[in-house]
Amino acid sequence: MSSGTTIKLKSGSELPSHVPLHLVREVSGFLVPNKLSDPYSPSLEVFETYPRIFFTPEFVPSLYDGAWVVTHYEDIREVYQNDELYSTADAAGFQRLVGETFRMIPLAVDPPEHGKYRILLNPWFSPKAITELEPKIKATINGLIDQFATGGACDVAYDYGRIYPVRVFMDLMGFPPERLEEFLAWEYAILHAYGDVERMKWGIGSAIRYLRSFIEEMRRAPADNLTSHIVHGQVDGRPLTEDEIIGTVSFLWLGGLDTVAATTALMFRRLALDPGLQDRLRTSPELIPDAIEEFLRVQPLVNSTRLVKKDHEVHGVKVKRGDHIMCYNATGNFDPSEFESPREFRLDRSSNRHFTLAGGPHRCLGSHLARRELRLALGEFLRRIPSFQMKPGADLTAHPGLMAVPRLPLVWDADKAHAAQR
Ligand code: HEM
């Protein structure tokens, strides 16, 4: 940018005066829908040609209006881990669009306060709790495979990936299963309609209204589900306030609905394009856990943002209290200082500490559930469905992020499929 250029943020506001013009870069054009075999490959240009820290004028209503962006592994780790300098206080603040003032819990709470909410929720997401859920997850997955196995075709994104994690999550929370389509419509309006504020308001407003009524139901008639556990739970030896209850249930609702679905769709797209990888995992299912970790690494869904708590410098750049800073996982997960041959999909990584499930105190609460769901979804599919490809003529477009691949029609030889579950 030449001096004398006036830059406005996407919202129309002025660029903050402490942001030097030469550090302003557009980042929104990289993670856009494309047909590449690795839809994340355009982010390489950001890593290689942009300053190590830069400022993007991007605007996300109610979340941030322009943000610093860090792109290197080490810098992203620092932002996630250093809660003296970086806060989540205004993270996921969609509820503010409809005039609500409660906090999204646990994400929008900083340590040490954050810890008490994790103590309340952790037992429901521990490896032991997830192992107990496994038979239900497996039954849900196999019930879906039953519907298409011998037909030789399915839309793996729409009829499989979109459904199984939501059914598992709704069962965990106690939500009525018939609400599935309605929940997804609200959630898509919130997370996938950036810029369309009216749609976002409709989505979050509808969800909060419904969740409040469900909370009331659980208050009147306690049940064995996570919503009821929150409604009747305690933090610091006292019951949760109304705001804490709706904040916790709302954030779980937001985080638990379609993250696994997006990962599943991107994973199957990659497998359909790589029959060698498919065969390897079908003949050596013991490699599936490592494969899932690698799928997670090469498909980061979100780039988390933090609020800066104190003025300080990052690699000589002045960052001020009140600024926002984005962890660009779409480059951090491919940083060669941490990952050898980072753009290659490898099953033999000795360590794979990617940021897809974030890092530091807000590391994803649902990580064990997500991993187990993905392992089962892939393992059961490969066990029952023979070698598959994309349906001829199918659209290959993938959105490298939460939108992922809404439709992914696959085909296989129906005679070779396993109709029976066991
Ligand atoms: C592949 C699937 C998933 C991905 C990629 C994912 C990603 C993330 C990320 C990046 C964060 C941190 C956000 C931030 O730091 O700004 C996060 C936090 C969180 N996730 Fe997940 N998530 C997944 C699945 C789930 C599931 C299935 C649930 C619940 C059922 C869940 C619940 C949460 C919660 C409650 C937090 C907040 C944790 C805290 O603040 O302490 N996630 N997730």
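Trainee: Which residues does Ala 265 touch, not counting residues up to four places away in sequence?

Mentor: In this predicted model, Ala 265 touches Ala 157, Gly 161, Ala 404, Val 405 and Leu 408 once residues up to four places away are set aside. Each of these pairs counts as a contact because the C-beta atoms lie within 7 Å.

Trainee: Why is the chain called as compact as a globular protein of its length?

Mentor: The chain holds 15 helices and twelve strands. Its radius of gyration is 22 Å, and the globule rule gives 22 Å for 422 residues; the two values are close, so the chain is as compact as a globular protein of that length. Along the principal axes, the C-alpha atoms fill a box of roughly 70 × 55 × 40 Å. Of the 422 residues, 40% count as buried. Among contacts with a separation of 6 or more, 70% come from residues 24 or more positions apart.

Trainee: Why is Trp 412 called partly exposed?

Mentor: Trp 412 has 18 C-beta neighbours inside 10 Å. A buried residue needs 20 or more and an exposed one has 12 or fewer, so a value in between is classed as partly exposed. Trp 412 therefore belongs to that class.

Trainee: Where does Trp 412 lie, and what is it in contact with?

Mentor: Trp 412 lies in strand S12, residues 409-412. Leaving aside neighbours within four places in sequence, Trp 412 is in contact with Gly 152, Ile 385, Pro 386, Ser 387, Phe 388 and Ala 417. One of these, Phe 388, has Trp 412 as its bridge partner in S12.

Trainee: How do you know that strand S12 pairs with S11 and with S4?

Mentor: Pairing requires at least two bridges between the strands. Three bridges join S11, residues 388-390, to S12, and three join S4, residues 153-155, to S12.

Trainee: What makes S1 and S3 edge strands?

Mentor: Five strands form an open sheet in the order S1-S2-S10-S7-S3, with mixed pairing. Strand S1 (53-60) and strand S3 (86-87) each have a single partner strand, so one side of each is left without a neighbour in the sheet. For S3, two bridges join it to strand S7, residues 305-308, and the two run antiparallel. Tyr 86 has Val 308 as its bridge partner in S7.

Trainee: Why is Ala 358 called buried, whereas Asp 236 is called exposed?

Mentor: Ala 358 has 21 other C-beta atoms within 10 Å and is therefore buried, since the threshold is 20 or more. Asp 236 has 8 C-beta neighbours inside 10 Å and so counts as exposed, the limit for that class being 12 or fewer.

Trainee: Which peptide bonds are cis?

Mentor: A cis peptide bond joins Ile 105 and Pro 106, with omega about 10 degrees. The bond from Pro 111 to Pro 112 is also cis, with omega near 5 degrees. Pro 106 lies in the loop between S3 and helix H3 (113-125), and Pro 112 is found in the loop between S3 and H3 as well.

Trainee: Which residues come nearest to the ligand, and which helix gives the most to the shell around it?

Mentor: Of the 24 residues around the ligand, Gly 256, Ser 304, Ala 358, Cys 364 and Gly 366 come nearest. H10 gives the most, with four residues. By class, the shell has 15 nonpolar, eight polar and one charged residues.

Definitions and conventions: Residues numbered from 1 in each chain as written. Predicted model: local features only at pLDDT ≥ 70, side-chain atom pairs only at ≥ 80, totals over all residues. Rg over C-alpha atoms; globule rule 2.2 N^0.38 Å. Contact = placed C-beta atoms within 7 Å. Near = placed C-beta within 6 Å. Nonpolar A, V, L, I, M, F, W, Y, C, P; charged D, E, K, R; others polar.
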